[in-house]
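Reader: I have a new structure open on my screen and would like to learn how to read its packing. Could you walk me through it?

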Amino acid sequence: MPIPISIYTTFCRHFSSSLPKRPIFTSVPWKYKNQAIKLAQQALTDYLHSTRSLPYTYADQISKNSLVSLSNLVSNIHFTSPTFATSLQKYLRYHPINELEFFYESIGIDYDEVSGFLSNDKFFISEEGSAINVSCVLCDFGFPWNKLGMLYKEEKRVFSMSEEDVKSRLCGLKGFRFSTTSVIGISLAFPFVLRGELSGEIGALFDDLKRVFVDFDLESCVEGNVDAWYEVCRKIRVFYDLGCEKGKVGELMGKSKRIFVDYPVEVLVQKAEFFCKFGFRKEDVGLLLLKKPGILDFQLEGQVISVKGLLKHFGLSAEELKSVAQNYGHVFGRNKMANLPHVMRAMELHEWFFNKIKDGNHQLLASYVMSDPDEDLDEKYRDGLERIQRTRTPMHTMNKLEFLHAIGFGENALTIKVLTDLHGTSSELQERVDCLLRYGIVFSKLCSMIRRMPKILSQKPEILQQKLNYLCEDMKSSLQYLDIFPSFLCFNLENRIKPRHRFHMWLTERGFCKQEYSISSIVATSDKSFVARLHVIHPDAPKLWVDFSHSKAH
C-alpha cells in the first residue's frame with residue numbers, strides 16, 4: 001500500500017477562506033488604500049445595483065467579498081485621490097467587466113480557483129440566473145454569503161435548482177427538528193443534504209446527528225451561531241470521510257461527544273492521518289478514535305523513540321526482539337514518534353502494534369519515555385552526521401536522511417551506508433518508493449531491498465514500472481523474486497535484461513538449451529561469463545548471440 005497522501009487535503013478540500021491570499025490594491029499609495037477600497041466597493045455596488053439591477057443587499061455582498069477582483073479592476077485606473085471615485089464610475093460605465101469573476105470570489109471561492117469556474121461565453125451575473133437566485137435564497141435563509149462557495153464547489157447542482165425547490169429542501173431539513181442555525185451549519189459541512197431524497201443517506205446522517213445532538217445533548221455544548229455549528233459538523237464529517245457508515249455510528253459519537261467539543265478539527269485529522277499510515281482501513285482508524293478518545297491527547301510532535309525500547313514497552317519478549325533485530329537491523333536505533341507507523345510496517349509489526357492499541361493498550365503510547373538520554377545512541381551514525389555537515393550540500397543530504405527515517409530506517413550505521421548510494425531529492429525518492437508500493441511490493445520487503453540495493457531508488461518511476469512489467473509479464477516471474485534478487489531493478493532493461501532473456505528463450509524454443517537458468521544467472525553474470533556459458537550450452541551459441549544482438553539492435 002503506498003504511503004497515503006495527506007488526509008487533511010481530502011477532508012478540507014472544500015473549506016476555503018474569504019480572505020485574499022495575495023497583495024491587494026498595490027497600485028494605490030499606502031496612505032490612501034483604505035479610502036480606495038471603500039470607494040471601489042461602493043462604486044461596484046452602485047454598478048451592480050443601478051446598472052445591472054441586482055438587489056442592493058446582494059450587490060453589496062459581492063463588492064465587499066471580492067477584494068482581489070476589485071484590486072485588479074482598480075489597477076486599470078490611474079489613481080489620484082480627488083478624482084478616483086469619478087474615474088472608477090466612468091470606467092465601469094464604458095468598460096464591460098466579467099461580473100462572474102467578482103461573484104465567484106465573493107461566495108468564498110479562492111481567487112486562484114475562480115478561472116476554473118468561468119465560461120468563455122458568459123460575463124454577466126444575469127447569465128447565471130439560477131446560481132445567483134439560489135445564492136439569494138440561501139443568503140435570505142441565513143447562510144453567510146462568503147461561505148456559499150463551499151456548497152458551489154462540492155454540490156454545484158444545488159445552484160441549478162429552482163428557488164422553490166431550494167426553499168422546500170431547507171424546510172424539509174428543519175423538519176428533522178433542527179433549528180435554522182443548525183441546518184445551515186450541517187449543510188455547509190455536508191452539502192449533499194441540499195439535494196436528493198431525504199431518505200437514504202441523508203436520512204441516515206440525520207439519524208446520527210439527532211442521536212448525537214439531541215439524545216446525547218451535544219447541542220447544549222454548541223454556541224447558537226452558524227460558525228459554531230459548522231465547526232462541530234466539520235469534526236463529525238472527519239469520521240464519515242474516514243469511512244464510518246452513516247446511520248451506524250450516532251451512538252458511538254454521542255458517547256464520545258467530548259471529542260467534538262474539546263479538540264480542534266486539525267487534531268482529529270492529524271491523529272487520523274497518523275494511524276492511517278499503519279496501512280489499515282480508514283474506517284477502522286475512525287472507529288479506533290471514537291472508541292479510544294484518549295488517543296487524541298497523545299503528543300506526536302518532537303518526541304523521539306528508541307525502537308528497541310518502545311518494542312519492549314509494548315511487551316515484545318527478549319527472544320522476539322532478538323529475532324526482529326536480526327531481520328530488520330536497519331530499523332533499529334532512534335527515530336521520531338511521528339515516523340512510528342512506517343517503523344512498524346518496515347518490521348512487519350504494524351498489525352501486532354495496531355491490535356495492541358485497539359485492545360486497550362493505547363495508554364502505553366502516552367506513558368512511553370526513553371529511559372536514558374543516551375539510550376540507543378549510535379556513534380557511527382553520529383559520526384556520519386558530522387561528515388554530512390562538512391559536505392558542500394548538507395541540507396540536500398539531510399533531506400534524504402529524513403526521507404529514510406520517514407520510511408522506517410533508524411538512526412544507525414546501516415542507514416548512513418544506504419544514504420551514500422541514494423541519488424535524487426527527497427521528493428523524487430518518495431515518488432519512486434510510491435511507484436514500487438503501488439505495484440504491489442510489500443512495505444517491509446521494499447525497505448529490505450533498499451537496504452541491500454539502495455541504487456534501486458536512483459531511477460525514475462517510469463523506468464522502474466517498465467522493469468517490473470517485464471519481470472512479471474514477459475519473464476513470468478513474481479514480485480517475490482525481488483526478495484532474493486533486488487539488483488534486477490538496477491540493470492538496464494533494453495541493453496541487458498531484454499536481449500539476454502529473449503536469447504535464452506530463443507535457444508530454449510529451438511532445443512539448444514536443456515537446462516533452466518534463473519533470472520539472476522541470466523541477467524547478473526558478466527559478459528565474459530555469459531558468453532562462456534553459451535559455449536557450454538552449444539558451440540555455436542556465442543556466434544548466434546552476436547548475430548542475435550546485432551539483429552535486435554537494428
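**Reading the packing**

Author: Gladly! Bear in mind that this is a predicted model.

Reader: Which residues are in contact with F275, leaving aside its neighbours within four places in sequence?

Author: F275 is in contact with V285, L288, L289, I295, F354, I357 and L365, once neighbours within four places in sequence are left aside.

Reader: Now a charged side chain. Is R500 buried or exposed?

Author: R500 has 3% relative accessibility, so R500 counts as buried. This arginine lies in helix α30 (residues 493-509). Not counting residues up to four places away in sequence, R500 touches I522, V523, T525, S526, D527, F530 and W545.

Reader: What about a whole helix? Which residues of α3 are buried?

Author: In helix α3, which spans residues 56-64, the buried ones are Y58, A59, D60, I62 and S63. They pack against four helices: α2 (33-51), α4 (67-74), α6 (99-106) and α8 (129-141).

Reader: Next, pairs of helices. At roughly what angle do the axes of α10 and α11 cross?

Author: The axes of helix α10 (residues 163-174) and helix α11 (residues 180-189) cross at roughly 110° and come within 9 Å. Angles from 65 to 115 degrees count as roughly perpendicular, so α10 is roughly perpendicular to α11. At the contact, L170, L173 and K174 of α10 meet T180, V183 and S187 of α11. Sorted by class, the contact of α10 with α11 has three nonpolar residues, two polar and one charged.

Reader: And how are α24 and α26 arranged, roughly parallel or roughly perpendicular?

Author: Helix α24 (residues 394-406) and helix α26 (residues 426-439) have axes that come within 9 Å and cross at roughly 30°. Angles under 35 degrees count as roughly parallel, so α24 and α26 are roughly parallel to each other. The crossing of α24 past α26 is right-handed.

Reader: Which residues of α24 and α26 make the contact?

Author: From α24 come N399, K400 and F403, and from α26 come S426, L429, Q430 and V433. By class, the contact of α24 with α26 has three nonpolar residues, three polar and one charged.

Note on methods. Residues numbered from 1 in each chain as written. Predicted model: local features only at pLDDT ≥ 70, side-chain atom pairs only at ≥ 80, totals over all residues. Heavy atoms only, no water. Helix = DSSP H or I, 4+ residues; strand = E, 2+ residues; numbered from the N terminus. Buried < 20%, exposed > 50% of the residue type's maximum accessible area, 1.4 Å probe, protein only. Contact = heavy atoms within 4.5 Å. Axes fitted to C-alpha atoms, helices over the stretch in contact; angles between N-to-C directions. Parallel < 35°, antiparallel > 145°, perpendicular 65-115°, else oblique. Nonpolar A, V, L, I, M, F, W, Y, C, P; charged D, E, K, R; others polar. Left-handed = near helix turned anticlockwise from the far one by under 90°.
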